[in-house]
Structures are given as C-alpha cells and as structure tokens.
Amino acid sequence: MRVGFLTDAPRIAGSEIWLREMLPLLPPQRITPELFIRDHPRLEPLRRALEAKGIQVHYLKELHKKPSFDLWVLQLWSEPSYRLLFQLPPPRWVVCHDQLEYFYPLGLRTLYHLGYRMTKARWMSRAEGVLTVSTWGAQFLRRLGLEAEAVPNGVDPERYRPASPEERRALRERLGLKRFSVLVPGRFALEKNQILVAAIARRTPELDYWLVGDQDSLIGHLLRRLQLPNLYLKGRREDLVELYQAFDAVLQPTLAENQSLVTLEAMSSGLPVVTTPIPAQAELIEHGKEGLLVPPQTQPMVEALRALAHNPTWARQLGQAARDRILREHTLATSALRLAEVLRCASTG
C-alpha cells in the first residue's frame with residue numbers, strides 16, 4: 001500500500017515532528033509512505049532525516065506529476081492550501097493537529113467555534129476523513145459533522161526516560177538547580193497561559209521556575225519586565241530531554257490542547273505534571289494517579305506545587321505511574337500501529 005503524505009508547512013513544528021517520527025514506522029506495517037514538502041531551507045532537516053531512514057521526499061512543485069497512491073494524507077497549515085483537495089484523486093484524508101477548543105470565557109469560545117466551522121471545518125468536509133491525535137479531538141470533529149478517527153500521540157520511552165540518581169545529580173549541578181524546580185515548556189501564547197505562571201511564582205518564592213520555548217512575543221516581554229527572582233526565561237532549548245531528567249515537576253496551566261507532546265514527554269521522563277482539567281489533558285492524566293489536574297487559578301496551582309515539593313516520595317510515585325501509562329498506551333510503536341490501521345481502512349473507504 002502506497003500513501004502520499006503532504007505538508008504545506010513553512011518550517012518544522014510539532015506536526016512535522018509527527019511526520020518525522022511516524023513515517024519511518026510504517027514500512028514494517030506494509031505501508032510505503034512518501035512525503036511532499038515545500039522547497040525551503042527550514043525544511044531541509046526534515047527531508048534529510050526522513051531520507052536517511054529510507055523515506056522518499058519530494059517537493060510540492062513536483063506534485064503535478066501526480067504519482068499513483070492508494071491514499072493521500074494532507075497536513076495543512078494555511079486555509080488556501082485546502083484547495084489541493086480538489087487537485088488530488090480520492091481517497092484524501094486530512095491530518096488535524098489543531099488545538100480545536102480554547103477554554104477562554106464563553107463568549108470568546110463561541111466566536112472561535114463559529115470561525116472554525118466557517119473556515120477549516122468547511123474545507124475539511126471536502127476530504128473523505130480527518131485524522132487527529134486524541135480521542136477527544138476526534139469526538140469534537142464528529143460533532144462538527146466530520147468523519148474523524150483518532151491516532152493518539154506517542155513518544156519514544158527510550159529517549160524520554162528518567163535519569164539514574166547519579167545522572168540526575170550531575171545534571172542538576174550543571175544546570176545550577178538547588179531547590180524544588182518546576183519546568184514550564186512551550187511557546188509563549190495566550191492559550192499556554194504563562195502569565196498565570198508569573199502569579200504562581202510570585203506566591204511561591206521558595207520554588208524556581210524555568211520557562212523554555214519560543215518567547216519572542218508580547219507575553220515574553222511582559223514577563224521579562226517583571227524581573228521575578230525565581231522566574232527564569234530560558235528561550236528555546238535543544239536539551240529538553242536532559243531538562244526533563246533534571247527537574248522536579250512540569251507545570252502546564254494550558255487553556256488549549258489537542259494532545260500535548262510536552263505532557264507525554266514529561267510523563268515518559270517520570271515527572272509529575274501539574275496541568276489543567278481540560279479534556280485533552282484529562283485524557284492523559286487521572287488526577288492524583290499520574291499527575292494533578294488543577295483549575296487554571298493561582299491558589300489551586302500554588303497548593304498543588306507546594307504539595308509536590310513537600311512530599312517528594314508522592315511526587316516520584318506520580319511520575320512512575322505516569323511513565324507506566326506511557327509504556328502501556330503512548331509509545332511511538334503503539335501510535336504507529338493505530339496509524340497503520342486507520343490508513344488501511346481509509347484507503348478502502
């Protein structure tokens with residue numbers, strides 16, 4: 001079975017990392033994927049990584065050749081790119097990594113729903129189906145009248161693993177971590193809610209917070225101006241694997257997710273995650289078992305983090321339970337098996 005994957009992405013982001021991780025796992029399932037991308041320097045690392053694993057990569061300008069595939073799978077960033085659905089033969093499916101729901105005040109949520117229905121959802125309805133990365137996300141799309149299937153995200157548990165006590169001590173010494181330290185990964189955006197982290201940090205001067213990720217936004221400038229002594233803005237980092245191993249907990253006061261790779265990576269690394277009880281997060285974490293689901297408010301978040309800091313044995317138990325769940329349900333291998341199943345069904349209608 002041959003499947004043509006296509007992305008119009010101008011750069012590598014989470015959706016392209018998904019392609020990089022998943023496509024090489026399909027040939028053992030008797031599925032031969034090929035990928036079409038833009039001819040752009042920012043995408044060259046993706047092309048090289050896939051070709052090194054035997055996956056053919058083409059440029060979008062070669063699309064007019066229209067090779068024969070059993071299925072087309074489109075991963076699209078911009079609305080105009082959805083016109084490609086009319087240029088390719090069916091069956092055609094769309095991959096949706098969108099956050100889908102923003103848990104802002106009700107008026108803003110209603111406005112967003114209306115806009116999504118009129119734009120992306122309208123275009124996706126022209127495809128034979130939509131593949132998304134969480135069970136909740138698939139249910140959300142079905143409520144919009146779309147044919148949707150879930151392929152939950154996975155991570156590599158050999159890469160994202162707990163450090164040994166010796167490794168952890170060395171990492172913490174190198175990073176200068178001396179107290180209970182909380183990692184806050186993610187790009188700076190309104191829905192990621194880093195402003196709340198500042199309020200939490202102000203209320204917990206005995207804890208340290210590292211914010212890592214793209215921070216060239218108004219929110220980043222505002223947080224830098226606060227100059228809180230226990231709030232560190234570290235920018236984009238290439239050593240997230242080691243940061244997970246060195247820190248004591250991950251904080252995600254997020255207001256929008258589909259299925260968060262940060263959450264999965266932290267869980268696989270054996271870290272307790274403090275996050276919000278929005279549906280996508282509750283799909284991954286049972287409160288008090290694999291992490292803590294806390295309303296996005298200052299006082300409940302403060303209490304949750306202090307409880308972990310004051311009870312390191314409990315924190316380790318949560319982290320171990322989190323890793324156990326990843327090993328059962330969210331490895332890359334598990335995700336690839338589900339993806340292959342969905343692709344085979346999609347190709348036959």
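## Ground rules

Residues are numbered from 1 along each chain as its sequence is written, and side-chain values use heavy atoms, with hydrogens and water left out. Because the model is predicted, local features need pLDDT of at least 70 and side-chain atom pairs count only at pLDDT 80 or more, while totals for chains, interfaces and linings use all residues.

## The second largest pocket

The second largest pocket holds about 410 Å³ of space. On a 1 Å grid over the protein atoms alone, a pocket is an open set of points where a 1.4 Å probe fits, with protein on both sides within 12 Å along at least five of seven lines. Its volume is the space filled by probe spheres set on the points, which are joined across faces, edges and corners.

The lining has 19 residues (those with an atom within 4 Å of a point), and R168, F247, G270, L271 and R316 lie nearest the centre. Two or more lining residues come from each of α9 (240-246), α12 (298-310) and α13 (312-329); helices here are DSSP runs of H or I with at least four residues, strands are E runs of at least two, and both are numbered from the N terminus. Helix α13 gives the largest share, five residues. By type, the lining splits into 11 nonpolar, five polar and three charged residues.

In α6 (residues 165-175), L171, R172 and L175 are buried; buried means under 20% relative accessible area, exposed over 50% and partly exposed in between, with a 1.4 Å probe and protein chains only. Seen down the axis, these buried residues fall within an arc of 95°, so they line one face of the helix; the arc is that of the directions from the helix axis to the C-beta atoms. On the other side, E166, R169, E173 and R174 are exposed. The buried residues of α6 pack against β8 (181-185), β9 (208-212) and α9, where contact means heavy atoms within 4.5 Å. After the helix comes G176, with a positive phi near 80°.

Helix α7 (residues 194-203) has Q194, L196, V197, A198, I200 and A201 as its buried residues. Their cover includes β8, β9, α8 (218-226), β10 (231-235), β11 (249-252) and α12.

## D248 and its arginines

D248 sits in the loop between α9 and β11, and at 17% relative accessibility D248 counts as buried. Its side chain makes polar contacts with the side chains of R168 (2.7 Å) and R172 (3.2 Å). A polar contact is a pair of N or O atoms within 3.5 Å; within protein, one must be able to donate a hydrogen and the other to accept it, and residues adjacent in sequence count only if both atoms are side-chain atoms. Beyond four places in sequence, the contacts of D248 also include R179, F180, S181, L271 and P272.

T254 lies in the loop between β11 and α10 (261-268) and is buried, with a relative accessible area of 2%. The side chain of T254 reaches the backbone oxygen of A256 at 3.0 Å.

E149, in strand β7 (residues 148-150), is partly exposed at 24%. The side chain of E149 makes a polar contact with that of R338 (3.1 Å). E149 and A346 are 197 residues apart in sequence, and their C-alpha atoms are 9.7 Å apart in space.

Definitions and conventions
Ala, Val, Leu, Ile, Met, Phe, Trp, Tyr, Cys and Pro count as nonpolar, Asp, Glu, Lys and Arg as charged, and the others, Gly among them, as polar.
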